[in-house]
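Here are my notes on the model you sent. Please read them with the structure open.

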Amino acid sequence: MPAAPKRRGRAELSAGKLGVVMNLPTLATLALVLAYPIGYAAYLSFHKVTPAELRRGVFPSVGLGNYQRILSDPLFLLALKNTLVFTAVTVVVELALAIAIALLIDQRQVWTSRVTRFLILLPYAVPPIANGLIWSFMYNFDFGFLNRLLFSAGLIAKPVNWIGDPNTALFALTVPYIWRTLPFAVLLVHAALQGINPELYEAASVDGAGAFTRFRHITLPLLVPILVVILVLRTSFAFVVFEEVLAITQGGPGDATWVAVWYSYKRSFAPPFDVGIGAASAYVLALIIGALALAYVTIIYRRIE
Amino acid sequence: MRQSLVTRLALHAANLLVIAFLLLPLAAATIGALQSAKSLQASTRSVLPPEWTLDNFRVILSGGAQEGAIFEQATYLPDNVKKIHYAFINSVSIATTVTLLTLAFGSLSAYTVARLRLRWVMWLMNLNLVARFVPVIVVMIPLYVTFRQLGLLNSVWGVIIALTGFLLPYGVVILAPYFATVPRELEEAARIDGCSRFGAFLRVTLPLSTPALASYGTIVFIVAWNDLLIPLILNNRAEFMTLPVVIASLVSDLFVFHNLMMAICLIALAPSVILVLLLRRFVVEGLSAGAMKG
């Protein structure tokens, strides 16, 4: 662990040197945990790394072999497709819900809105894996809470097999994920709403604009920058969904809910323990997200300037 | 603007719907955790159990020593759950250490961005922003291989180092803009009084930035407390697991029934939920600053 910089007697470090010293702990940690592993992952993705090689400590090169294998593996392509569907559904639903709920909790004179505003952060605090397990209890065919609720309300006559049906399992996974990640989007939209000048609304009202017209022509255009930020952030996070899959479906039924991270995880840390394949598949995912991140930084940069 | 009665009723209805959605999983978990496996199995159509019991918590917290009425038939309790006190202590110490380390390292770097205005540090900040998007799984595979060679698997420190690195970029993003708002004159006054540049940072800028430090610290603690993938890959012995890893280990265990699982989930989520509700203001500010001013 690098030590914090100390004052040596009276001597003062120049701004440049002090900057280097003060950044040493961060640089060392980031080098060890981010820079080096990202490079090493690239190396591993071009080599054969299975338990036998790990024991010997020698990784024979396979060139582009790992990439060729995953790109011709129907399961990997299915996992990518599932990830895309999952991401598209969660991001679109979250953007719509975030705008609606942010407008709702902005109604300060309504007391139930204040309750919602207090509770909106709650899902953010719940460990994703606990969230997943709770929803797997809710979705359970025989003993699940959701079927119990719907029975009691008289809405269903037979239990619904929420996650057992390959056609609906992926969509069943989106609900817990949206539940857990919605607070973040709501907060950002709500913060952006605070920045809108109320005089704009008053002027529009004087001109006879109704609530919907005011939303359409004032609120929505002014929210566009933050909506773009949410879009990019949420997309890149939804791409790496893992805990809910592990807790609720483990990729099933069949392979209906295999997603990208699940593929990398299973290939590396479950039989056949092929770390090289895992690294290659994770790298493909990283490149897709990297393109998104680049877009994000460009947008953010424009906001700072 | 006065709202009509209809508008107000519609708003109340919408709020109730959102509140119900927010509380639904927690209500389900609580109801599930407060009954026996027998009552869950007896009626599969009723929402509330015929009788309530704290036995699930009693069994878990005593490490299986007290068996209670829920284990009349089966007395199986997985080893990981018997040793859940290890997981609790690991979760607390990992989250606390990561919070302290990221606060220290993050403040130092953020200061150089906000005050020393070095060109390469600005560069570092942009790299940090990109680094936030690298999927954890990409880094975890090589870290597993490296930590295996370094003997850092099945230790608290491997997890702490990995989490610290992953959460540090947020620190610069949240802290640097806040440090920049502390008036430069205050630091200059301290330096005239004999403080070094670093001393002025410690005694002036840092104390005046408590709200930003609290925001960042709370978020780091929550994320470290909730994280699964890093300890799941690095630590597989019960003595080194965190609470999320114990929960994950129950997923494929057909002998642990929902009532017990829900009780464990509640034990794992209670600390972070209470923390977030208590420090709500800081979390809100940190999350908005991290994404907007970034």
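**Notes on the two chains**

1. Start with the loop between α13 (260–269) and α14 (275–304) of chain A, where Pro272(A) is found. A cis peptide bond joins Pro271(A) to Pro272(A), with omega at about 10°. Bear in mind that this is a predicted model. Please look at this bond by eye.

2. Phe273(A) is not a glycine, yet its phi is positive, at about 50°.

3. Gln250(A) is another residue to check. Its phi is positive, about 45°, although Gln250(A) is not a glycine. Gln250(A) belongs to the loop between α12 (243–249) and α13 of chain A. Its C-beta neighbours inside 10 Å number 15, so Gln250(A) counts as partly exposed.

4. Now a helix pair in chain A. Helix α9 (residues 169–194) and helix α11 (residues 211–238) have axes that come within 9 Å and cross at roughly 165°. The pair is therefore roughly antiparallel, as the angle is over 145 degrees. The crossing of α9(A) and α11(A) is right-handed.

5. Which residues make that contact? From α9(A) come Thr181(A), Ala185(A), Leu188(A), Val189(A) and Ala192(A). From α11(A) come Leu223(A), Ile226(A), Val229(A), Ile230(A), Arg234(A) and Phe237(A). By class, the contact of α9(A) with α11(A) has nine nonpolar residues, one polar and one charged.

6. Turn to chain B. Its secondary structure amounts to 15 helices and zero strands. Of its 294 residues, 50% count as buried. Take the contacts in chain B with a separation of 6 or more: residues 24 or more positions apart account for 73% of them.

7. The axes of α9 (residues 184–192) and α10 (residues 197–208) of chain B come within 9 Å and cross at roughly 125°. α9(B) and α10(B) are therefore oblique to each other. Their crossing is right-handed.

8. Look at the side chains in this second pair. α9(B) brings Leu186(B), Glu187(B), Ala190(B) and Arg191(B). α10(B) meets them with Arg197(B), Ala200(B), Arg203(B), Val204(B) and Thr205(B). The contact of α9(B) with α10(B) divides into four nonpolar, one polar and four charged residues.

9. Next, the domains. Chain B is divided into domain 1 (5–77) and domain 2 (80–292). Their C-alpha centres lie 31 Å apart. The contact takes 16 residues from domain 1 of chain B and 15 residues from domain 2 of chain B.

10. Which elements of domain 1 of chain B give two or more residues to the side that touches domain 2 of chain B? They are α1 (5–33), α2 (37–42) and α3 (55–61) of chain B. The largest share, four residues, comes from α1(B). By class, this side of domain 1 has nine nonpolar, seven polar and no charged residues.

11. α1(B) also matters for the count between the chains. In that interface, 83 residues of chain B are in contact with 89 residues of chain A. α1(B) gives the most to the side of chain B that touches chain A, with 13 residues. That side has 60 nonpolar, 19 polar and four charged residues.

12. One residue of α1(B) deserves a look. Ile31(B) lies in this helix. The C-alpha atoms of Ile31(B) and Ile94(B) are separated by 30 Å, and the two residues are 63 residues apart along the chain.

13. Finish on the chain A side. Thr26(A) has its place in helix α1 (residues 15–45) of chain A. Is Thr26(A) buried or exposed? Thr26(A) is buried, because 28 other C-beta atoms lie within 10 Å. Leaving aside residues up to four places away in sequence, Thr26(A) touches Phe105(B), Leu108(B), Ser109(B) and Leu168(B).

Methods. Residues are numbered from 1 along each chain as its sequence is written. Chains are lettered from A and ligands numbered from 1 in the order in which they are written. This is a predicted model: local features need pLDDT of at least 70, side-chain atom pairs count only at pLDDT 80 or more; totals for chains, interfaces and linings use all residues. Domain bounds come from an automatic or database domain assignment. Two residues are in contact if their C-beta atoms, placed from the backbone, lie within 7 Å. Ala, Val, Leu, Ile, Met, Phe, Trp, Tyr, Cys and Pro count as nonpolar, Asp, Glu, Lys and Arg as charged, and the others, Gly among them, as polar. Axes are lines fitted to C-alpha atoms, for helices over the stretch in contact, and angles run from 0 to 180 degrees between N-to-C directions. Angles under 35 degrees count as roughly parallel, over 145 as roughly antiparallel, 65 to 115 as roughly perpendicular and the rest as oblique. A crossing is left-handed if the near helix is turned anticlockwise from the far one by less than a right angle, and right-handed if clockwise. A residue is buried if 20 or more other C-beta atoms lie within 10 Å of its own, exposed if 12 or fewer, and partly exposed in between; C-beta atoms are placed from the backbone.
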